[in-house]
Amino acid sequence: TALEGVEEKDIHFDGEEAVLLLPPFPRIEVTRWRCKLRDEDGAAKVDENGLELYSQEERWFSFDNRRLWCLQRAAARRWPKKVYCEVFEISPTLAKTRELRKFDTRTCGRSVLIGRREEENLEKWCWRTEVGLAVDSPEAGVALPALRHRRPDTERRGSESRKRNQPRRPSKDDNEESERQPANEILQGFLVFMIIYLSLRACVILFRKYS
């Protein structure tokens with residue numbers, strides 16, 4: 001398995017002994033950002049003013065739970081030594097257009113679920129629990145005024161669908177346009193009649209002149 005293929009290299013970093021992990025797979029992608037706080041059911045937490053709550057500070061997050069699990073399992077075996085690995089950093093701007101759109105951690109990244117989304121009873125992994133440390137209590141969060149809580153997508157889509165299906169109330173401009181249409185049609189009919197009449201009149205005059 002990938003876990004068994006992870007190699008370990010003893011190094012010295014910042015004046016102390018540490019371990020560098022050398023996995024058999026490519027470097028995991030990470031980004032640094034403030035995650036949105038969520039309830040157990042996945043709903044965004046908001047304050048009394050309807051502002052969404054975010055973590056107190058920026059943290060590193062990975063987009064690959066399975067590879068992260070593999071690296072943390074290998075690191076837990078060397079606890080309490082510090083363990084490092086190489087990663088590929090994704091800028092927050094690029095991350096927002098990719099994985100962050102579907103990123104919905106409910107534990108601020110303290111634990112991850114291993115498996116496919118459609119599977120039931122996914123395995124929950126927490127490295128602190130694995131090494132015998134207490135799990136951090138949920139943080140209170142901080143509201144960012146620029147980001148106000150939005151209605152769920154399903155509710156917004158339903159509202160937009162109802163608006164599309166409702167008949168549009170005619171405006172004042174619509175009424176004026178409908179009043180102008182009959183007058184325009186009469187004028188157009190009169191002009192066509194005059195053109196035909198004058199053409200026939202010219203034909204009769206030419207016929208009498210040269211006959």
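Let's start with one contact in this predicted model: Glu-29 has Phe-88 of β7 as its bridge partner.

β3 and β7 belong to an open sheet of three strands, ordered β5-β3-β7, with mixed pairing. At its edges are β5 (59-62) and β7 (87-89), each of which pairs on one side only. On average, neighbouring strands here are turned by 40 degrees against each other, direction ignored.

**Aromatic pairs**

The model has three aromatic pairs. Two of them, Trp-33 with Phe-61 and Trp-79 with Trp-127, are set out below.

| Pair | Centre to centre | Angle between planes | Arrangement |
|---|---|---|---|
| Trp-33 and Phe-61 | 5.8 Å | 65 degrees | edge-to-face |
| Trp-79 and Trp-127 | 5.8 Å | 50 degrees | tilted |

Why does the pair of Trp-33 and Phe-61 count as edge-to-face? Their planes stand at 65 degrees, and planes over 60 degrees apart are given that label.

Trp-33 sits in strand β3 and Phe-61 in strand β5, so this pair links parts of the chain 28 residues apart. Both Trp-33 and Phe-61 are buried.

The pair of Trp-79 and Trp-127 also links distant parts of the chain, 48 residues apart. Trp-79 lies in the loop between α1 (65-76) and β6 (82-85), while Trp-127 is in helix α3 (residues 127-130).

Technical notes: Residues numbered from 1 in each chain as written. Predicted model: local features only at pLDDT ≥ 70, side-chain atom pairs only at ≥ 80, totals over all residues. Heavy atoms only, no water. Pairing = 2+ DSSP bridges. Helix = DSSP H or I, 4+ residues; strand = E, 2+ residues; numbered from the N terminus. Axes fitted to C-alpha atoms, helices over the stretch in contact; angles between N-to-C directions. Phe/Tyr/Trp six-rings, centres within 6.5 Å; stacked < 30°, edge-to-face > 60°. Buried < 20%, exposed > 50% of the residue type's maximum accessible area, 1.4 Å probe, protein only.
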